[in-house]
Amino acid sequence: MELFDTHCHIDFHHFDDDRDAAFERMRENSVSRIIAVSVELEQTRRLVELSESRDGVWFSVGIHPNHEIDSEPTVQSLLSLAGHQKCVAIGESGMDFFRHRVPPDIQESRFRTHIQAAKQLDKPVIVHMRDADEATFRIMQEEDIMTCGGIMHCFSSSLDAARQALDMGLSISFSGNVTFKNSHELRDVAAFVPDASLLIETDAPYLAPVPQRGKRNEPSFVRHVAECIAQVRGQHVEAIAEMTTKNALLRFKLQ
Ligand code: NI
């Protein structure tokens, strides 16, 4: 069995004391591939180093919608950082009205810039959508995200939103919150998503899945996400692993 964690933040300081051990636990748990996802451009150097020094590690370039910065990125600035051969996506970018650190109009223009860069690079966009479904879908439609494709990361919205995303050809990625006791609606969505559109992730160090809930999350825990999804879909975990790995390789153009 091989698992692919399509969204984690393994370069964050949370792993400074035991990053090598975390990679070792990945191996022990059949997690052979990860995408280390960017939330600010200052990270890019770290992500380049990490991806160059290890097999099965790729990265993205982008700025989180709620990350406060002094000057907004341009399409050109994203293009210049994302040319590296192990950069496989743009993001995470999107809209987040759960917190209001960055005003909606700034989030919107930032998101548009990310999609425009992704289209030029022909790389998918890792989309962060939180309490902002209407705005996120409107912008993705207007910017024609279908051209480059994308991933609805840490999906935590409704079945209707999942349908809209699928209609736009986007992949839907589930993280630890699908395992939480009260996430009945989310598990219904996980049961509904077609095989070819399904991805899994941890979003580590956040949102550790049951039975590790409350601890620091790490990529090896993506196994629990796979097990939960296998259960709600009535499939074997090996089948979920194979399907989601294949989908990720295709989505990130790794084969
Ligand atoms: Ni993230």
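Which residues does threonine 113 touch, not counting residues up to four places away in sequence? In this predicted model, threonine 113 is found in helix 4, which spans residues 104-121, and, with residues up to four places away in sequence left out of the count, the residues that threonine 113 touches are Pro73, Thr74, Val75 and Leu78. Threonine 113 counts as buried because its relative accessibility is 13%, a value under the limit of 20%.

The metal site is described next. The nickel ion has as its protein donors the NE2 atoms of His7 and His9, an OE atom of Glu92 and an OD atom of Asp203, which lie 2.1 to 2.3 Å from the ion. The angles among the four donor atoms run from 86 to 177°, and the site of the nickel ion is irregular. Along the sequence, the donor residues of the nickel ion follow the spacing H-x1-H-x82-E-x110-D. Histidine 7, in strand 1 (residues 3-8), and glutamate 92, in strand 4, are 85 residues apart, and this pair links distant parts of the chain. Histidine 7 is classed as buried because its relative accessibility is 0%, and glutamate 92, with a relative accessible area of 2%, is therefore buried as well.

The largest pocket holds about 630 Å³ of space, and it is lined by 24 residues, of which His64, Arg99, His128, Arg130 and Asp203 are the closest to its centre. Strand 4 and strand 5 (125-130) are the elements that give two or more residues to the lining of this pocket, and the largest share, three residues, comes from strand 5.

Two loop residues complete the description. Histidine 84 is placed in the loop between helix 3 (75-81) and strand 4 (87-96), and its side chain reaches the backbone nitrogen of lysine 86 at 2.9 Å. When residues up to four places away in sequence are not counted, histidine 84 touches Val48, Ser51, Glu52, Phe59 and Lys123.

Glutamine 235, in turn, lies in the loop between helix 8 (222-233) and helix 9 (237-251). Because its relative accessible area is 25%, glutamine 235 is partly exposed. The side chain of glutamine 235 makes a polar contact of 2.8 Å with the side chain of arginine 233, and, once neighbours within four places in sequence are left aside, glutamine 235 is in contact with Asp195, Ala230, Ile240 and Met243. Between glutamine 235 and aspartate 70 there are 165 residues of separation in sequence and 47 Å in space, taken from C-alpha to C-alpha.

How values were computed:
Residues numbered from 1 in each chain as written. Predicted model: local features only at pLDDT ≥ 70, side-chain atom pairs only at ≥ 80, totals over all residues. Heavy atoms only, no water. Helix = DSSP H or I, 4+ residues; strand = E, 2+ residues; numbered from the N terminus. Polar contact = N/O pair within 3.5 Å; in protein donor to acceptor, adjacent residues only side chain to side chain. Contact = heavy atoms within 4.5 Å. Buried < 20%, exposed > 50% of the residue type's maximum accessible area, 1.4 Å probe, protein only. Donors = N, O, S within 2.8 Å, 3.2 Å for Na, K, Ca; no water. Tetrahedral: all angles 85-135°; square planar, octahedral: opposite > 155°, others 65-115°. 1 Å grid on protein atoms, 1.4 Å probe; cavity = no way out; pocket = protein on both sides within 12 Å on 5 of 7 lines; lining within 4 Å. Points joined across faces, edges and corners; volume = space filled by probe spheres on them.
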